[in-house]
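Colleague: Please put the model up, and then let us go through it by question and answer.

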Amino acid sequence: MSQSHRSEEALASASIGPLMVKLALPAVAAQLINMLYNIVDRIYIGHIPEVGRTALTGLGVTFPILMLISAFTAFAGMGGAPLASIRLGSGDRAGAEKILGNSTTLLLLLAAVLTAVFSIVKEPALMAFGASEATIGYALDYISIYLAGTVFVQLALGLNAYITAQGQALVAMCSVLIGAILNILLDPLFIFVFQMGVKGAALATILSQGVSACWVVGFLCSGWSGLRIRPANMKLERAVVGKIAALGIAPFIMQSTESLVTVVLNSGLQFYGGDLYVGTVTVMQSVMQMVVMPVQGITQGVQPIMSYNFGAKNYARVRQTFRLLLRTTLTVTVSACLVVTLFPQQLALIFNDDQELVELVGRVMPIFFGGIWAFGAQIACQTAFMAMGQAKTSLFLALLRKVILLVPLAILLPLATHSVLGIYVAEPVADILASATTLTLFLRKRKTLLPEN
């Protein structure tokens with residue numbers, strides 16, 4: 001029996017606990033490693049002599065564009081991967097490969113469009129995202145080079161979901177590990193040795209993503225993969241693209257609204273406080289990634305178990321997997337909340353040693369992260385809906401936390417309180433309300449989606 005078939009058999013019959021560990025650990029490692037692409041850039045840039053704080057803030061205002069590019073990888077990748085898992089679970093391998101082929105073409109088309117559009121509008125967009133005359137130069141230096149590697153980002157991140165979808169989480173981890181190690185090695189070389197500064201960080205990132213993309217595409221074209229990219233499947237079909245889009249719109253909105261939120265936060269903090277306050281968001285979003293991305297790794301590792309067994313109508317196994325997932329994600333987010341509350345300044349020092357910035361982060365970070373403990377319930381339930389192909393519910397939940405709650409709160413609270421602190425308070429209020437709503441919705445729908453008989 002081939003490795004790919006053994007992986008699929010394990011999804012159906014292996015003990016849930018050990019199987020979750022086997023699939024989730026590589027996925028968590030992949031997310032942590034992937035996080036290093038941006039985190040390492042920020043750490044090195046934040047410690048450039050004399051200009052570190054300004055350069056770090058400049059890099060922070062590029063975050064909305066980076067998140068939008070990443071959101072489109074989720075649209076085609078995470079929109080199709082659960083569908084491919086469900087097809088595998090029902091025994092339709094040809095249908096699963098058709099989804100993979102159409103997703104590959106979508107990613108290539110999206111890369112071309114995104115590169116062209118953002119190259120044209122980058123400067124006015126960055127100014128709208130919170131850049132100032134002091135930081136716009138650093139932002140342009142970084143994003144101009146990063147955009148040249150958009151196709152690598154699309155393929156590396158978007159197609160890696162299809163490796164995880166067939167239960168080969170260790171291979172998916174290696175896909176990210178190769179690029180991340182290269183990025184860590186190239187960053188100091190380009191930034192400090194070649195004295196390229198922010199441009200060096202961007203160049204190191206796109207070269208590393210290029211290597212990861214080659215690894216992912218090579219694997220999915222080889223006999224080692226249970227799902228293969230075949231030219232015959234790459235011709236776009238309306239029915240297939242429609243299904244990918246219907247499910248992919250939810251993860252797209254979840255990530256793209258991070259971009260919208262960053263714009264609202266940056267512009268509000270620039271208006272009420274200035275560059276120093278914008279710098280706090282750059283630091284705190286970096287810490288947020290350190291919390292959220294491991295949790296997303298857990299859910300990505302577990303999702304194929306639920307999708308495969310949902311396709312096979314083994315609902316008891318789906319319910320058992322969800323219960324264990326919920327306990328795990330809540331444990332992680334509650335622990336993270338405690339760490340961030342107790343050690344905010346120590347976390348800020350990872351990215352910059354400017355005393356004024358560190359002290360301000362120390363005051364506002366416990367407020368900003370006050371609701372992160374509840375996020376574990378929200379992401380576990382959202383993952384379950386995604387795994388079961390519930391496109392409409394996933395779309396509503398994706399809109400709820402960021403668009404329906406956080407953005408209005410971030411605008412209204414500082415107006416009502418006449419204080420910049422209102423912007424920081426908006427995040428925990430939105431987290432708690434969204435998590436409570438998501439959990440309630442799942443409990444109401446679970447008997448219909450997962451009948452006990």
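Colleague: Is Phe 271 buried or exposed?

Modeller: This is a predicted model, where local features need pLDDT of at least 70, side-chain atom pairs count only at pLDDT 80 or more, and totals for chains, interfaces and linings use all residues. Residues are numbered from 1 along each chain as its sequence is written, and side-chain values use heavy atoms, with hydrogens and water left out. Buried means under 20% relative accessible area, exposed over 50%, and partly exposed in between (1.4 Å probe, protein chains only). Phe 271 has a relative accessible area of 67%, so Phe 271 is exposed.

Colleague: How does Tyr 272 count at 34% relative accessibility?

Modeller: Partly exposed lies between the buried limit of 20% and the exposed limit of 50%. With its 34%, Tyr 272 therefore counts as partly exposed.

Colleague: How many aromatic pairs does a search of the whole structure find, and what is the pair of Phe 271 and Tyr 272?

Modeller: Rings of Phe, Tyr and Trp (its six-membered ring) pair if their centres lie within 6.5 Å; planes under 30 degrees apart count as stacked, over 60 as edge-to-face and the rest as tilted. The search of the whole structure gives nine aromatic pairs. For Phe 271 and Tyr 272 the ring centres are 5.0 Å apart and the planes stand at 90 degrees, so this pair is edge-to-face.

Colleague: Which residues form one aromatic cluster with Phe 72?

Modeller: The cluster is made of Phe residues.

Colleague: What percentage of the 453 residues in the protein chain is buried?

Modeller: The limit is again under 20% relative accessible area. Of the 453 residues in the protein chain, the buried share is 59%.
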